[in-house]
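Student: Could you walk me closely through one part of this model, the part where the side chains pack together? I'd like to see how a single residue sits there, and then what lies around it.

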Amino acid sequence: MRTDPTISRLLMLRSGAIAVQLIAVLSVYFLLEHQIALLPLLIVIAVEAVFQLISLFAYRNVSRAKPLGMLMQLTADVLFLTVLLSLSGGATNAFVSLLLLPIMIAAVTLREKGLAYIAVLAIAAYSFLLIKMPDHSMHQMNMSGHFIGMWVNFVLSASVIALVIGAMSRALKERERIIANVREKQLRNEQLVTLDGAAAQITHQLATPIANLQLLFEELLEEQPNNPIVKHMQAPLTQCSTQLNDFRKLSEQLRLKNSKEHTTVKQLQTQITDTLLLQYPDQHIKWITPPIAATLISDAMLLPAILNLLQNAALANQKQGQTQLELSWQQDNLHSECVYLLIRDFGPGFSSSQLAELGGQLMPSDQGMGLAVLLSNVTFERLNGSLTLFNHADGGAVAKVKLAIVNTENNAL
């Protein structure tokens, strides 16, 4: 398993920092012969090295580090650096500005609250070093004002880094998210174009065999009008012809017109009930709530998209021997520009992998669930809506369809 690149870079940077700290301390003490607290400094570096080894072991197989983990790592860096500086001159140490590094790292890895915490912690550490600093004078001139000025400069630098780099990082992440969404939509559109071509080809290929079967059926019916087997052939052949003609009309409507229409919630509810009763007479719809007085943005694909979800719900019910589907309408008072249609079945529900894949890409399924939900999701998004899938607390699955309202005024039926 690959380690999270963010935490990996941080641990690599700390490893280098530990090596530099050790070399610097030994060089200052033995080569430059400055009197520093060698043993305490070496103890702190040793503790930091042990913490680094523990961190490397803890994050060796972590593919994605949690924000709290990053926060703890940066907190440790600030604390170790503060202790090292306090043992080597405190605020007078020329390397005190290194406290800005954890703020920079936090600006590109943490959210606003975590960034603010690290910035405040670094400023508090510098302030502690300044307060604990002994009185210094140089050439009979008090240097306390100089060190206070350095502290003010550090506070300003930390604030600018937190605000500017943090804002730039968030903007880049938002841009990457938008680009990823555009790429995903482009790939999905390519899939749909491929599916459209395949569907048109299959429809054309099925038209001739169905027409031939219809002619053969008519001849058999003339020759054996009382044969029960021949009579039983009429219903499925008529259904195939009707479905094929409906598909042709729908395809022509989308290609020639491709415009959005309006339908009321009550009309849509009636169409859903009638169509499901025709296709799945063994399933019963229970409307939990009455239709909302609203006019929805619609087109020729809205009802088929909802029926795809109902078909999946009916198949899930049949697996469990259930015959009831619960449907309801919801409207959020804070977002009155849309209504929600909730479709609940009493089947086995979704697995975690299905919830991650459904609606976003094609998923292998014995019953074509991935393709049906993908097409439905595309239709809802085109109509300014969306699709959310989740498991019900009492069992079964729920498909929550967001449908956009034409306007918020004069929505009375």
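Tutor: Happy to. Two residues are in contact, or touch, when heavy atoms lie within 4.5 Å. This is a predicted model, with local features needing pLDDT of at least 70 and side-chain atom pairs pLDDT 80 or more, while totals use all residues. Numbering starts from 1 along each chain, and side-chain values use heavy atoms, without hydrogens or water.

Let's start at Phe380. Leaving aside residues up to four places away in sequence, Phe380 touches Leu302, Ala305, Ile306 and Leu309, then Gly385, Ser386 and Leu387, and finally Val401 and Leu403. Phe380 belongs to the largest nonpolar core, which has 37 residues; such a core is a set of buried Ala, Val, Leu, Ile, Met, Phe, Trp, Tyr and Cys residues joined through side-chain atoms within 4.5 Å. Along with Ile306, Leu310, Leu341, Ile343 and Leu403, Phe380 is one of the residues that touch the most other members of this core.

Which helices and strands each supply at least two residues of the core? On the helical side they are H8 (265–279), H9 (302–320) and H11 (369–382). The strands are E5 (295–298), E6 (324–332), E7 (335–344), E8 (386–391) and E9 (397–404). (Both are DSSP runs: helices H or I of at least four residues, strands E of at least two, numbered from the N terminus.) H9 gives the most to this core, with nine residues.

Apart from this core lies another one, made of 34 residues, with Tyr59, Ala107, Tyr126 and Ile161 among them.

With a relative accessible area of 46%, Asn384 is partly exposed, since buried means under 20%, exposed over 50%, and partly exposed in between (1.4 Å probe, protein chains only).

Gln269, placed in helix H8, is buried, its relative accessible area being 13%. Beyond residues up to four places away in sequence, its contacts are Trp287 and Trp329 together with the prolines Pro290 and Pro291.

What about the cysteines? Cys338 is buried, at 2% relative accessibility, whereas Cys240, at 38%, counts as partly exposed. The number of disulfides comes to zero, taking a disulfide as a pair of cysteine sulfur atoms within 2.5 Å.

For a contrast, turn to the loop between H2 and H3, where you will find Ser63. Ser63 is partly exposed, at 45% relative accessibility. The C-alpha atom of Ser63 is separated by 9.6 Å from that of Ile7, although the two residues are 56 residues apart along the chain.

Finally, step back to the whole chain. The protein chain has eleven helices and nine strands. Its residues number 413, and 35% of them count as buried. If you take the contacts in the protein chain between residues at least 6 apart in sequence, 73% join residues at least 24 apart.
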